[in-house]
Amino acid sequence: MRALATEAVHAGRDDLARQGLHAPPIDLSTTYPSYDSRGEAARIDAFATTGADPEGPPVYGRLGNPTVARFETALARLEGTESAVAFASGMAALSAVLLVRSSLGLRHVVAVRPLYGCSDHLLTAGLLGSEVTWTDPAGIADALRPDTGLVMVESPANPTLAEVDLRAVAHACGSVPLLADNTFATPVLQRPVEQGARLVLHSATKYLGGHGDVMAGVVACDEEFAGRLRQVRFATGGVLHPLAGYLLLRGLSTLPVRVRAASANAAELARRLTADPRIARVHYPRIGGAMIAFEVHGDPHEVIAGVRLITPAVSLGSVDTLIQHPASISHRIVDEGDRREAGVSDRLLRMSVGLEDVEDVWTDLDNALGAMPLRGAGLHRYAAPPRGATSHSTPAPAIGH
Ligand SMILES: Cc1ncc(COP(=O)(O)O)c(C=O)c1O
């Protein structure tokens, strides 16, 4: 087994040197000619039975694409799964998982808040015919029903960075598949299948692509489930474009380097924010990562309006630092009461830390925080200690264990 950094660079490209290629080819075909229609019929029948990738050319672009398949192979290697199936977005990927289960009559989902706002909405609204029971991790076993088809968690969760013990949750699921959304951690920090999850979801729009220029989703899982996902993808059409597949494969090659560098920046910023009297609370996960959430004593909208280097935008996982106000944007669609109960306060800001020099990001954030009200009376404006100096505060514990 090769190390993660090696897989990131080589997986999905193993055949290239033999073909005399260095960069992976981009196959833009929507259809694949064949003079053998009996053979095509047999290949379509085989796909309808197992959902396995057809041997040879894919017949039609909605059945599969060789460039996208390279990304799928690489991501499966990084997550330690047999297979991976890519979709047009993270939401298309989650939709396909729900459809696979509901097609078997298993419409009930058990889920732990918070989840990304649209994932929460998709489950709560029952758009795809699912019914959700929200619970905390300790309540999962009791929430299971004979028609439960899925248990869903995010860890660290969007936007509070709450972590769950995936191993304990997987145990509580019994034979019901556990879907872990690993968008925030990436396989660089955590591989959920090693802790018992059956399905690993990514909004590949985030760290996997890594440059804010590709929208995609992917589910890493065993080949049996992957076959069903491919069949749903074929039937419903949420395919990933080959150019996006190419960009994702390229993104994966720098994933470990980007995640580690951005995480080091984030850990330093979390340390400074924790010691800052303008900040009420900092959420930074125990497993680390490049995401920080923090609550201010003052008006969070002023911080968003005040940044100049940091990009005031939703989404995450790009090379530049992004900040957003979850109650206004990423989690706006979630009912206000449910949002607050899940720990998403109106004072919460979520920051995706990028690859800039950490001092420049801190300077911008410090300016944007400006003259925010301070914790307690008589405190002076916080001046950052030199990089590497030990903080007197310990980071606030992540909530929601
Ligand atoms: C944790 C998480 N899961 C899923 C999604 C949905 O992904 P996409 O926007 O690619 O559809 C997002 C998007 O922000 C997310 O943050």
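Reader: Is Phe234 buried, partly exposed or exposed?

Author: Note that this is a predicted model. Buried means under 20% relative accessible area, and exposed means over 50%. Phe234 has a relative accessibility of 29%. That value falls in between, so Phe234 counts as partly exposed.

Reader: How many aromatic pairs does the structure hold?

Author: Phe234 belongs to a pair with Phe47. The ring centres of Phe47 and Phe234 are 5.6 Å apart. Rings pair if their centres lie within 6.5 Å. The count for the structure is 1 aromatic pair.

Reader: Is the pair of Phe47 and Phe234 stacked or edge-to-face?

Author: Look at the ring planes of Phe47 and Phe234: they stand at 80°. Planes over 60 degrees apart count as edge-to-face. So the pair of Phe47 and Phe234 is edge-to-face.

Reader: How many residues apart in sequence are the parts that this pair ties together?

Author: Phe47 lies in helix 2, residues 37-50. Phe234 lies in helix 9, residues 223-236. So the pair ties together parts whose separation in sequence is 187 residues.

Reader: Is Phe47 buried or exposed?

Author: The relative accessible area of Phe47 is 4%. The cut-off for buried is under 20%. Phe47 is therefore buried.

Reader: Which residues is Arg233 in contact with, leaving aside neighbours within four places in sequence?

Author: Arg233 lies in helix 9. Arg233 counts as buried, at 4% relative accessibility. Leaving aside neighbours within four places in sequence, its contacts are Arg62, Leu63, Gly64, Glu72, Val85, Ala86, Phe87, Gly238 and Val239.

Reader: Is Ala138 buried or exposed?

Author: Ala138 sits in the loop between strand 3 (131-135) and helix 6 (140-143). Its relative accessibility is 74%. Exposed means over 50%. Ala138 therefore counts as exposed.

Reader: How far apart in space are Ala138 and Ala264?

Author: In sequence, Ala138 and Ala264 are 126 residues apart. Going from C-alpha to C-alpha, their distance in space is 32 Å.

Reader: What is the radius of gyration of the protein?

Author: The protein has 14 helices and 12 strands. For 401 residues the globule rule gives 21 Å. The value for the protein is close to that, so the protein is as compact as a globular protein of that length. Its radius of gyration is 22 Å.

Reader: What share of the residues count as buried?

Author: The protein has 401 residues. Buried means under 20% relative accessible area. The share of residues that count as buried is 55%.

Definitions and conventions: Residues numbered from 1 in each chain as written. Predicted model: local features only at pLDDT ≥ 70, side-chain atom pairs only at ≥ 80, totals over all residues. Heavy atoms only, no water. Helix = DSSP H or I, 4+ residues; strand = E, 2+ residues; numbered from the N terminus. Rg over C-alpha atoms; globule rule 2.2 N^0.38 Å. Buried < 20%, exposed > 50% of the residue type's maximum accessible area, 1.4 Å probe, protein only. Phe/Tyr/Trp six-rings, centres within 6.5 Å; stacked < 30°, edge-to-face > 60°. Contact = heavy atoms within 4.5 Å.
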